[in-house]
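Biologist: I am new to this structure. Please show it to me, and then I will ask about it piece by piece.

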Amino acid sequence: MMEALDTRGLSALREIAESGSVAAAAAALGWSQPTVNHHLRNLERALGSTLIVKSPRGSHPTVVGNLVVTRAIEILGLCDRLGAEVALWREDQAVPVRIGAVPTVGARVIPKLHNQLQKRARWQAHDEMASENPAPAEATTAGRNAEMTAAALDVTLDEHAKLVARLEAGDLDLALLVSTDIDKTWIPSTLTAKHLYSEQLFLCVPKSVGPIALDAVGMPDLTSLVSQTWAFSIDPGDAIDEVVRSLCVTAGFEPRVGMRMDDYAAIIRMIAAGLAVAVIPDSSVPEDPTVEIIPMPMDACRRDVLLVSRARTAEASAQVARHDPIVAAHNAAIAEVVADVGTVTAQWR
């Protein structure tokens with residue numbers, strides 16, 4: 001039987017791998033070098049393998065050491081998360097749900113979502129979830145353990161691509177993302193998406209540009225903007241930018257991108273100053289008399305707001321089947337957030 005692992009050895013190994021030396025690892029951990037070496041030797045003895053080799057250029061993991069470093073990062077991450085979750089439960093009796101969002105959607109939805117979660121009593125949250133998803137009789141104990149569970153939001157606002165990567169890696173439970181692709185082919189097979197609502201898009205140009213002609217279906221004549229500078233997102237895969245580029249190419253020209261930013265208030269100021277034109281979603285349309293705001297037809301282009309989550313794996317299903325109380329509490333909290341996301345976004349459908 002293998003000797004029980006001490007997380008201090010895992011911490012020492014991880015820091016040596018990241019910093020490249022025992023001295024740097026000791027400084028990062030606030031330990032002495034003999035202490036780092038002591039915990040590393042204990043870990044090597046427990047695993048029966050040499051994990052670090054020393055050279056004039058520093059200390060580096062062996063082949064086996066690299067494998068252990070990968071697992072050490074996972075294990076220590078889970079330890080940190082467990083500590084944070086227990087602290088939150090102790091203080092607020094709440095289970096954290098890690099939700100990400102692109103900034104424009106997050107600014108609109110997250111405050112309302114937080115307020116909605118505060119309205120639900122802790123006992124009510126469990127009862128509502130249970131009524132929607134009746135549990136088998138043998139799950140009663142797990143249900144009782146989770147019945148006082150309430151969700152607490154751990155929010156990340158970031159670029160679309162980074163949020164997708166964090167979802168796939170398991171660093172997020174849910175994400176509010178956007179797409180202009182009806183087929184949503186950008187979603188990896190490991191993720192599932194639910195359509196929440198669609199936003200109309202608006203072409204915003206300086207008043208000085210003059211009136212923009214519309215075709216029979218209400219699409220603005222983009223050829224009149226050939227000489228204009230466009231404001232695009234910092235995110236190279238931004239959904240609206242892809243729509244703008246496609247529409248401009250169809251009109252016979254490539255849009256000239258003169259600035260990249262994700263702050264719509266700043267973009268509006270640039271437009272008002274005559275420095276740019278942009279396509280902006282309904283949730284961020286300005287009230288500025290110096291900006292001409294032209295609605296784009298919904299059937300030609302729009303921005304879909306999606307709630308994206310990880311697809312359930314066989315391992316997760318097995319944990320649910322065993323009625324793991326921690327998994328049950330986490331799943332109940334996620335279900336609570338999903339339900340409230342549906343409630344607060346219903347007004348925009």
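Biologist: At the start of α9, which backbone nitrogen does a side-chain oxygen of Asp238 reach?
Modeller: This is a predicted model. At the start of helix α9, a side-chain oxygen of Asp238 comes to within 3.1 Å of a backbone nitrogen, that of Ile240.

Biologist: How many Å apart are the end C-alpha atoms of helix α9, residues 239-251?
Modeller: Helix α9 has 13 residues, and at 1.5 Å a residue these should span 18 Å. The computed distance agrees with this: the end C-alpha atoms are apart by 19 Å.

Biologist: Which residue takes a positive phi just after α9?
Modeller: The residue lies just after the helix α9. Its phi is positive, at about 105°, and the residue is Gly252.

Biologist: Is Ser179 buried or exposed?
Modeller: Ser179 is found in strand β5, residues 174-179. Its relative accessibility is 1%, and buried means under 20%. Ser179 therefore counts as buried.

Biologist: In the open sheet of five strands, which are the edge strands?
Modeller: The five strands run in the order β4-β3-β5-β12-β6, with mixed pairing. An edge strand pairs on one side only, which holds for β4 (151-157) and β6 (191-199).

Biologist: Which residue in β4 stands opposite Ala101?
Modeller: Strand β3 (residues 95-101) pairs with β4 in the parallel sense, over seven bridges. Opposite Ala101 stands Leu157.

Biologist: What angle does the direction of helix α5 make with that of β4?
Modeller: Helix α5 (residues 103-119) packs on the sheet and touches β3, β4, β5, β6 and β12. Its direction and that of β4 make an angle of about 170°.

Note on methods
Residues are numbered from 1 along each chain as its sequence is written. This is a predicted model: local features need pLDDT of at least 70, side-chain atom pairs count only at pLDDT 80 or more; totals for chains, interfaces and linings use all residues. Side-chain values use heavy atoms; hydrogens and water are left out. Helices (H or I, at least four residues) and strands (E, at least two) are DSSP runs, numbered from the N terminus. The expected span of a helix is 1.5 Å times one less than its number of residues. A polar contact is a pair of N or O atoms within 3.5 Å; within protein, one must be able to donate a hydrogen and the other to accept it, and residues adjacent in sequence count only if both atoms are side-chain atoms. Buried means under 20% relative accessible area, exposed over 50%, partly exposed in between (1.4 Å probe, protein chains only). Two strands pair if DSSP finds at least two bridges between them. Contact means heavy atoms within 4.5 Å. Axes are lines fitted to C-alpha atoms, for helices over the stretch in contact, and angles run from 0 to 180 degrees between N-to-C directions.
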